[in-house]
Amino acid sequence: MAELAGLEDPKARAVNEKHGDDHGVNLGKLRAVAKRLKTQPELARELWDTQDTAARLLALLICRPKAFEREELDAMLRGARTPKVHDWLVNYVVKKNPHAEELRVAWFADPDPAVASAGWALTTERVAKRPEGLDLSGLLDVIEAEMKGAPDRLQWAMNHCLAQIGIEHPEHRARAIAVGERLGVLKDYPTSPGCTSPFAPAWIAEMVRRSAPPVA
């Protein structure tokens, strides 16, 4: 904790706080600490229990993802107060855990929008890598009905799922683009030069273009 406190940078904190993350540690330096510590499950649990955001991010880098029980991960997600902790928990830990599919199903319909967003993130992973058994038309129905009015974090996760369906599944591409166009979610999101817009129709078009075979 003393080492993390020593890495505190006011400029980093100002940037992070704009995104809802209450810590001032440069993530590159945090990853360097994690690389030195390597995997330490017990230390990871102690760091998580401090409730300090930087400590929790470090914990997620040095934990053993497969070691957590389902109930433990559920409690951790519900207690993840900041976007970055929530994001790393889902992507670095839950996705690698044997209970990921059970949690996806449970979280998908949770009344807490932050928890539901994790369910959507896991669903997006399946859309891309293991779509067998998913009702993609049904997912598009839910997105079409609910994404426009969803809270920010949940809306972002649903939009990612919409784009992924359009990118990965040509048979659903036209409908995914049409849903995105009609809802207009993130259409005016500020995007840096060279970056892909999160507006689903633009995102789908760009990723499909990149994956197309070169013209001879």
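A residue counts as buried under 20% relative accessible area, as exposed over 50%, and as partly exposed in between. With that in hand, let's tour the salt bridges of this predicted model.

Side chains of opposite charge can pair when their charged atoms come close.

| Pair | N to O distance |
|---|---|
| Glu102 and Arg70 | 3.2 Å |
| Lys95 and Glu125 | 3.3 Å |
| Glu206 and Arg209 | 2.7 Å |

Take Glu102 and Arg70, whose side chains meet in a salt bridge. Because Glu102 belongs to helix 8 (residues 100-108) and Arg70 to helix 6 (residues 70-79), this pair ties together parts that are 32 residues apart in sequence. Arg70 has 29% relative accessibility, so this residue counts as partly exposed. Glu102, at 39%, is partly exposed as well.

Lys95 and Glu125 also form a salt bridge. This pair links distant parts of the chain, 30 residues apart: Lys95 sits in the loop between helix 7 (83-93) and helix 8, while Glu125 lies in helix 9 (residues 113-129). Lys95 is partly exposed at 26% relative accessibility, and Glu125 is partly exposed at 23%.

What separates Glu206 and Arg209 in helix 13? The two are three residues apart in that helix (residues 200-211), so about one helical turn lies between them. Arg209 counts as exposed, with a relative accessibility of 54%.

Finally, which residues are linked in a network of salt bridges? Asp141, Glu144, Arg175 and Arg182 are joined in this way.

Methods: Residues are numbered from 1 along each chain as its sequence is written. This is a predicted model: local features need pLDDT of at least 70, side-chain atom pairs count only at pLDDT 80 or more; totals for chains, interfaces and linings use all residues. Side-chain values use heavy atoms; hydrogens and water are left out. A salt bridge is a side-chain nitrogen of Lys or Arg within 4 Å of a carboxyl oxygen of Asp or Glu. Helices (H or I, at least four residues) and strands (E, at least two) are DSSP runs, numbered from the N terminus. Buried means under 20% relative accessible area, exposed over 50%, partly exposed in between (1.4 Å probe, protein chains only).
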